[in-house]
Amino acid sequence: MDKFNKKKYFIGVDISKTVLDLALLREGDYDSFTELKTKNSIDGFNGIMEWIQKEGVQLRDCAFCMEHTGTYGLLFYAWLAQIKILFCVESGLHIKRSLGMTRGKNDAVDARRIADYLATHRAKLKPFEMPSPLLVKIKQLLTYREQMVRIRTSLKNSLKSHEQYRTISGLDNIVAQIKEQIDRQDQIIIGIKQQITDIIESDQELRKNYRLMASVKGIGLIIGAFMLVSTNNFTSFDNGRKYACYAGIAPFEFTSGTSIRGKTRTSKFGNKIIKTLLNNGANSAIRYDKQIKKYYERKRGEGKDHKVIVNAVCCKLVNRIFAVIRRQSPFVEVYEQNFIN
């Protein structure tokens with residue numbers, strides 16, 4: 001994190017599908033910005049280098065910052081990493097809230113705000129680490145799988161309505177075609193899972209960490225693959241608590257003085273995909289893990305809500321995963337009297 005403190009020039013980048021908006025802020029002159037709009041392509045990136053040189057700035061003295069934008073920023077991240085330029089990728093919501101009350105919004109203004117955020121908070125920022133090519137492949141396959149699952153769900157919902165129409169219209173071919181498409185989606189999803197498995201098995205580190213995760217009941221291929229990607233193979237998070245915050249399953253106290261006594265709650269800004277996956281894993285663990293099943297039954301007996309208990313089980317699963325990764329040994333069930341809370 002000290003690396004950002006050594007830089008003299010701070011460049012905020014607003015990334016869209018086809019265009020990058022950049023704003024350059026100089027150390028000691030925080031009211032003046034130099035701006036550039038360029039293509040989100042290799043040619044556009046080369047134009048950034050020319051722009052920086054025209055400003056009389058050395059690239060090695062620059063630090064870049066941008067918001068998470070999914071796939072739109074991947075090519076730019078890879079370019080920065082290849083030429084060994086320091087940069088960070090931050091949550092858009094985090095940047096917005098750190099700036100306080102603001103008015104107006106466009107891409108150029110956003111780039112300035114990102115540059116200001118970088119200059120102001122540089123002592124706390126962490127350099128972005130590019131995931132390995134294998135993790136990038138897994139990430140793309142997970143995204144593709146999610147899209148195919150949504151399509152399959154839509155087809156299944158459509159099938160129900162058309163089966164009702166069929167009794168009146170007599171059009172059996174529509175139902176038959178929808179069923180064929182559902183079968184096709186099933187095969188695609190199975191194929192995606194096999195590709196993910198093959199990639200994990202092809203790499204020693206990925207294979208080892210995945211098998212350790214899989215020793216925890218409730219953790220299957222999709223949860224394991226998503227955690228490999230979202231933790232950069234367990235290099236981006238120090239412990240389970242931090243990951244639970246990222247996933248939006250960590251409970252936080254809501255109190256102030258003696259008058260405000262709100263319920264302990266989770267953040268609504270967590271990663272909704274992994275939160276949903278962990279909920280599925282928790283429900284599976286409640287069924288098949290004897291200790292977690294007893295824990296669930298005990299909490300239900302105390303009057304706890306089902307969703308609250310499932311969220312607590314999610315946290316337990318995350319902590320178990322990080323424990324086996326830290327120890328580099330599979331999960332082993334402990335005696336019942338040691339399973340407390």
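**Exercise 1.** Which residue forms a salt bridge with aspartate 21, and how far apart are the closest N and O atoms?

*Solution.* A quick word on the ground rules. This is a predicted model, where local features need pLDDT of at least 70 and side-chain atom pairs count only at pLDDT 80 or more, while totals for chains, interfaces and linings use all residues. Numbering runs from 1 along each chain as its sequence is written, and side-chain values use heavy atoms, with hydrogens and water left out.

Step 1: look for a side-chain nitrogen of Lys or Arg within 4 Å of a carboxyl oxygen of Asp or Glu, which is what a salt bridge means here. Lysine 37 is the partner, with the closest N and O atoms 2.8 Å apart.

Step 2: Aspartate 21 sits in strand E2 and lysine 37 in strand E3 (residues 29-39), so the pair ties together parts 16 residues apart in sequence. Strands here are DSSP runs (E, at least two residues), numbered from the N terminus.

Step 3: check accessibility. Buried means under 20% relative accessible area, exposed over 50%, and partly exposed in between (1.4 Å probe, protein chains only). Aspartate 21, at 4%, is buried, whereas lysine 37, at 54%, is exposed.

Technical notes:
Helix = DSSP H or I, 4+ residues; strand = E, 2+ residues; numbered from the N terminus.
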